[in-house]
Structures are given as structure tokens and as C-alpha cells.
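Me: I have a model open on my screen and would like a close look at a single part of it. Could you walk me through that part and then tie it to the rest?

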Amino acid sequence: MDYAVIKKMLHVLMYVYPERVFRLIVFNPPYIFTAAWPAIKLWLDENSIRKILFLRKTEKLYHEVDKHMIPPSLGGGFVFDVNKYERSGTART
């Protein structure tokens with residue numbers, strides 16, 4: 001597990017977009033992450049902790065996210081077409 005990546009993700013969640021993130025869904029995390037969660041929570045404030053949801057079952061994911069926004073590998077209909085976007089991240093018209 002790469003703790004540097006986790007710390008960076010948490011930093012972005014807490015300080016860059018503190019009130020922009022409604023919910024962060026961690027789907028099917030490895031068991032080592034679940035075991036490390038009590039230590040990781042120490043880096044977070046209570047408001048950020050409430051925004052994080054761990055899910056292991058696809059059916060529960062469907063209750064949280066519209067099915068058309070879930071990738072086909074998880075039974076949804078969302079397909080990201082990278083060709084629609086330029087390197088700058090803006091959509092082509």
C-alpha cells in the first residue's frame with residue numbers, strides 16, 4: 001500500500017476541495033486498506049471522515065450512484081471516451 005498516495009488523496013479532499021466533495025466512495029478496497037483505516041482516520045477531520053463510504057457489494061453501489069455513471073465492468077453503462085477531451089482537459093466542441 002502506498003501511503004504517500006493516500007496522504008495526497010486525503011490532502012486534496014480536506015484542503016483543496018473541502019466543501020466540494022459530497023461523498024468519496026471507496027469501492028472494494030483491499031483488506032489491508034480496511035485494516036489500515038483506523039490509522040488513516042487520524043489524519044482526517046470529522047467532516048471528511050463522514051464523507052468517506054466503503055462499499056464491497058455492487059448492489060450497494062447502485063444505491064449511491066446512478067447506474068449510468070458506473071463503468072460496465074461493475075454492471076453500469078458509463079463509458080469514458082478519452083478522444084472527446086484534449087490534453088488540457090477541456091471538452092472539444
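Leaving aside its neighbours within four places in sequence, which residues is serine 48 in contact with?

Reply: Happy to. A word on the model first: it is predicted, so local features need pLDDT of at least 70 and side-chain atom pairs count only at pLDDT 80 or more, while totals for chains, interfaces and linings use all residues. Residues are numbered from 1 along each chain as its sequence is written, and side-chain values use heavy atoms, with hydrogens and water left out.

Now to your residue. Once neighbours within four places in sequence are set aside, serine 48 is in contact with Leu13 and Met14; contact here means heavy atoms within 4.5 Å. Serine 48 sits in helix α3 and is buried, at a relative accessible area of 5%. Buried means under 20% relative accessible area, exposed over 50%, and partly exposed in between, with a 1.4 Å probe and protein chains only.

Stepping back, the protein has four helices and two strands, in the order α-β-α-α-β-α from the N terminus. Helices (H or I, at least four residues) and strands (E, at least two) are DSSP runs, numbered from the N terminus. Of the 93 residues, 20% are buried. Among contacts with a separation of 6 or more, 56% are between residues 24 or more positions apart.

Proline 29 gives an example of parts that meet across the sequence. This residue lies in the loop between β1 and α2 and is buried, with a relative accessible area of 5%. Beyond its neighbours within four places, proline 29 is in contact with Thr34, Phe54, Leu55 and Arg56. Proline 29 and leucine 55 are 26 residues apart in sequence, yet 7.9 Å apart in space from C-alpha to C-alpha.

A charged pair makes another link. Arginine 23 forms a salt bridge with glutamate 64, with the closest N and O atoms 2.7 Å apart; a salt bridge is a side-chain nitrogen of Lys or Arg within 4 Å of a carboxyl oxygen of Asp or Glu. Arginine 23 is in the loop between α1 and β1 and glutamate 64 in helix α4, so the pair ties together parts 41 residues apart in sequence. Arginine 23 is partly exposed at 35% relative accessibility, and glutamate 64 is also partly exposed, at 38%. A search of the whole structure finds one salt bridge.
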